[in-house]
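Here is a friendly walk through one protein chain. Take a look at its sequence and fold, then read on.

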Amino acid sequence: MNDRLLTLAFAVGALLAFYYFFIGPPQQRGDQVSRPLSSEPQPNGYLGARLWLESQGVEVHSLRHRFDWLSGAGELAAEGNLLITTIPFQRPMRRAETDALREWVLQGNSLLVVAGLFDTPEWAIPDTDTFGQLRDVTGLNFRTLPGAEPPAQSGGEGAEPEVVNLQKPLPLPKRGVLRTGGRHPLTSDVEAVWADSEYPAGKFAVISPAGSPLLSLMQDNESGFGALWLTPLGEGAVVITGYGSIFTNKLLGQADNARLLGNIAEQLLGPGGHVIFDDVHQGAANFYDAEAFFTDSRLHASSWWIIGLWFIWVLGATRLPPPAAAPAPAREQAFMAATGNFFARVIDRRRIARRMLANFFNELRRSLGLPVDGEPLWPWMRGIATLEPGLLERVEALHARVAAGRRVDLIELHNRLQQLRKQLQ
């Protein structure tokens, strides 16, 4: 019973270590909120816009590569395409993409930037630098106008105003409305466009760079500030909307939202051009993405299955080994046997035989006062009548085999030499 409890304790410890280092605590928000992807059927997705454009005969493409892929895409026309990108991004844009996107527009393509400025959709929380991303994509800067910040909440007369928490959702989504400010092909037959903001948002004015004309096509109904802009760029054009939710599934059918999208596609698409949805910067990519891999729910589900099966195996099929007995103390005989076995494995048997014979003859030479050179003394030993003739002949035969480089039985050689030693004493 104690073994089982100890096994359980070690298994739980290993499980906690695995969870801490490889899985970690769950994210605060996770991926429960749908994002503006052309394949997303949930309220914040663009699947409705994609299917509607396809039903009108428009060629649609889902971009799942970085922007620098556009200039070399063989499946797209060189010009006349319309790229729809939504800010804030989930996957940040790289520096090389900024120049590649600008060159792509300059050569005759168009860009529609849908940015959450006047609204803060639920997928835009937490904000990952909307203004910096807008500046990188369009070259435009935005500033907050005086009195255009989200209104403070008052706790009553004499109470200090409570600052609005921009990360706290509103009790109900706030409706935003864009109104047409004049006649233009992009806003033809468009009177109002609706948007929803699940979080507090401010009002902002665009700062146009010198030498870049910027036309305001629609205004925010509440503040009167421009909220839809058009600027030419080389042979192409850039359209920016300050509302990020107007083309999502939940709002595309509201007011004149779909008509505005249709006008933009009709006016900016060229012959053979595609409407391209920027899905890569909203998390859908064809290249390897380690962050997406480790946040994939399928990976977590597979990990828990493996952990569960391992846990069952640990508790049901394994036991801790019994304590090992202390090793017996080493004896002289065991030491000598181990040493002998070691040398017997690494030293050639013929060399051992030659050394055994040389040692035997050197013993005789020392006793007779002769030079110790290992040479045999056969004539001298034949003259000793007490020696067994057959024994001496056998030792001579073994010596001849060793001298010829042939192998002999070391045990027999040892025994024969020992018998000669006894008879010579």
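## Helices and strands

The chain holds 12 helices and 11 strands. Both are DSSP runs numbered from the N terminus, with at least four residues (H or I) for a helix and at least two (E) for a strand.

This is a predicted model, in which local features need pLDDT of at least 70 and side-chain atom pairs count only at pLDDT 80 or more, while totals for chains, interfaces and linings use all residues. Residues are numbered from 1 along each chain as its sequence is written, and side-chain values use heavy atoms, leaving out hydrogens and water.

## The sheet

An open sheet is formed by 9 strands, in the order β1-β11-β2-β3-β10-β9-β8-β5-β6, with mixed pairing. Two strands count as paired if DSSP finds at least two bridges between them. Because β1 (59-63) and β6 (192-197) each have a single partner strand, these edge strands are left without a neighbour on one side. From one strand to the next, the twist averages 20°.

Now look at β2 (residues 82-87) and β3 (residues 110-115): they run parallel and are joined by 6 bridges. Here L83 stands opposite L111 in β3.

## A helix across the strands

Helix α4 (residues 130-138) lies across β2, β3 and β10 (236-241), and runs at about 170° to β3. Such angles, from 0 to 180 degrees, are taken between N-to-C directions of lines fitted to C-alpha atoms, for helices over the stretch in contact.

## The chain as a whole

Of the 425 residues, 39% are buried, meaning under 20% relative accessible area with a 1.4 Å probe, protein chains only. Among contacts (heavy atoms within 4.5 Å) with a separation of 6 or more, 71% link residues 24 or more positions apart.

Technical notes: Buried means under 20% relative accessible area, exposed over 50%, partly exposed in between (1.4 Å probe, protein chains only).
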